Amino acid sequence: MDLYQQRLIGEAIHVFHIPPLDAEELVDDALLTVIERIGTFVFRKGDGDFHVWVLAIFRNRARDFMRKWASTGALEVAFDETRAGEGEECTAAEREVLGEIVRRYAEETRVLDENRDGEGRGPLAEIGRALDALESWERVLLRCRALAIPYEDIAEYTGKNVHHLRVYHQRVRKKFLAMLTVSLETKHERSSR
Amino acid sequence: MNDHPVDMVLRLAFLEGVVHTRGAWERAVAGRTAIPAVAPARAPLLEQRLTDALAGAIRSELLTVGTFLRHAEAEIGSTGEEMASRVGLRRNIYRLLEHDRISPLRIPPEVWRRIRAFWNIPGDVLEGMIRRTHQLVFFRPSYRATLARYRHSGGTARRSSAMQKAATELYARARLELPPDEEHRLRELIRAIGT
């Protein structure tokens, strides 16, 4: 439990950017859920099953936290505080596209019942569509880097070398943003007709 | 700490199940170095909460005397024979008790007191287990009768349908109220044990 507690708190703070006190509470709750439901856990494929099961519980708790944040407006504030690294600033138009997705997600979260399955997915569907338009290795690179998965692991999954991935990460983000912008503009045009 | 807006939106999509990593995230977490992030004063508090939750989770599964004894023996690596002599029961009677095949009413109060003392079982927990075990043993023949009436040998689908009907009937009758004389005997036993 000590190992999971430290690891998950680190994940919540450093990867999901959850404030430290909230991260500790979230992880405590996740570990309590693990203990309470331990009787329902079944090994199916191997030793890794338990790890995947614990992380699924943690991920659900993190999702609930994001929904709570979204419903109180804190998520939009957190988005406004995001900063791109040096030399990879977003244009105002690109920020607006992403900001609109976050705003719509927050609005939907406020409107829908908290326990309803699939809540918040609607506005995020555009993300999935824009990712699908990328090449396979680009998709893997973007998804994995957003979760701080090391370049070395991504190199194994994609067959590209680490240097290539580091160099291209910024460009792939730009390409993704461009596709997302087009996708949303097309959607707006269709709905305005 | 820099957090790129694209990464933030992608993480949100990941948490909502729109974006998948096919196990890559889980593998990465397993490989990350754990950084101590808990204030030392909070660690014992969480440990206590987890211990309480674990005790609750185990208690909730141990509904009958048999399940409790089997679980407890496995925990300390003891055998049924050793336990039978410790609590003063014949081996065959103890084996029936381990498998919820004998009514607790047939076990003398002094044996129950030894079981309670040996395993340090709270009075109310032992009372609940004795009550449920007696209900199980008392109602088992009527379960069997119900299942026998619905037993069907014609194909998987028909067998499944017959089992469904039997289960519905059993649920309908599952109030499990003991007849007054049985209830009286059970209360007498519990009073004699002194839970």
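## A pair on one helix

Which helix holds both B:Arg191 and B:Glu188, and how many residues apart are they? Both sit in helix α10 of chain B, three residues apart, or about one turn of the helix. Helices here are DSSP runs of H or I with at least four residues, strands are E runs of at least two, and numbering starts at the N terminus. The two side chains meet in a salt bridge, 2.6 Å from N to O; the term covers a side-chain nitrogen of Lys or Arg within 4 Å of a carboxyl oxygen of Asp or Glu. B:Arg191 is exposed at 57% relative accessibility, while B:Glu188 is partly exposed at 35%. For the cut-offs, buried is under 20% relative accessible area, exposed is over 50%, and partly exposed is in between (1.4 Å probe, protein chains only).

## What kind of model this is

This is a predicted model, where local features need pLDDT of at least 70, side-chain atom pairs count only at pLDDT 80 or more, and totals for chains, interfaces and linings use all residues. Residues are numbered from 1 along each chain as its sequence is written, chains are lettered from A and ligands numbered from 1 in the order in which they are written, and side-chain values use heavy atoms, with hydrogens and water left out.

The predictor gives the complex an ipTM of 0.89 and a pTM of 0.59. Chain B has a mean pLDDT of 78, with 66% of its residues at 70 or more; pLDDT is the predictor's confidence in each residue, from 0 to 100.

## Chain A in outline

Chain A has nine helices and zero strands. Of its 193 residues, 48% count as buried. Its accessible surface comes to about 10,100 Å², and 49% of that belongs to carbon and sulfur atoms (Shrake-Rupley method, 1.4 Å probe; for residues, only the protein chains shown count as cover). Among the chain A contacts with a separation of 6 or more, 57% are between residues 24 or more positions apart, a contact being heavy atoms within 4.5 Å.

A:Val111 belongs to helix α5 (residues 92–111) of chain A and is exposed, with a relative accessible area of 69%. Its C-alpha atom is 8.6 Å from that of A:Ser71, 40 residues apart along the chain.

## Nonpolar cores

The largest nonpolar core has 70 residues, and A:Phe16, A:Leu75, A:Ile127, A:Phe176 and B:Trp25 have the most contacts inside it. Helix α3 (residues 48–72) of chain A gives the most to this core, with ten residues. Such a core is a set of buried Ala, Val, Leu, Ile, Met, Phe, Trp, Tyr and Cys residues joined through side-chain atoms within 4.5 Å. Another core, of 28 residues, lies apart from this one and includes B:Met83 and B:Trp119.

Beyond its neighbours within four places in sequence, A:Leu75 touches residues on both chains, including A:Trp69, A:Tyr105, B:Met8 and B:Leu12.

## More salt bridges

The whole structure has 15 salt bridges over all chains. One of them joins B:Glu16 and A:Arg67, with the closest N and O atoms 2.8 Å apart. That pair crosses between chains, from the loop between α1 (5–15) and α2 (24–31) of chain B to helix α3 of chain A. Both ends are buried: B:Glu16 at 4% and A:Arg67 at 9%.

Within chain B, B:Arg131 pairs with B:Glu183 at 3.0 Å between the closest N and O atoms. This pair links distant parts of the chain, helix α8 (residues 123–150) and helix α10 (residues 180–193), 52 residues apart. B:Arg131 is partly exposed at 23%, whereas B:Glu183 is buried at 17%. B:Arg187 joins these two in a network of salt bridges.
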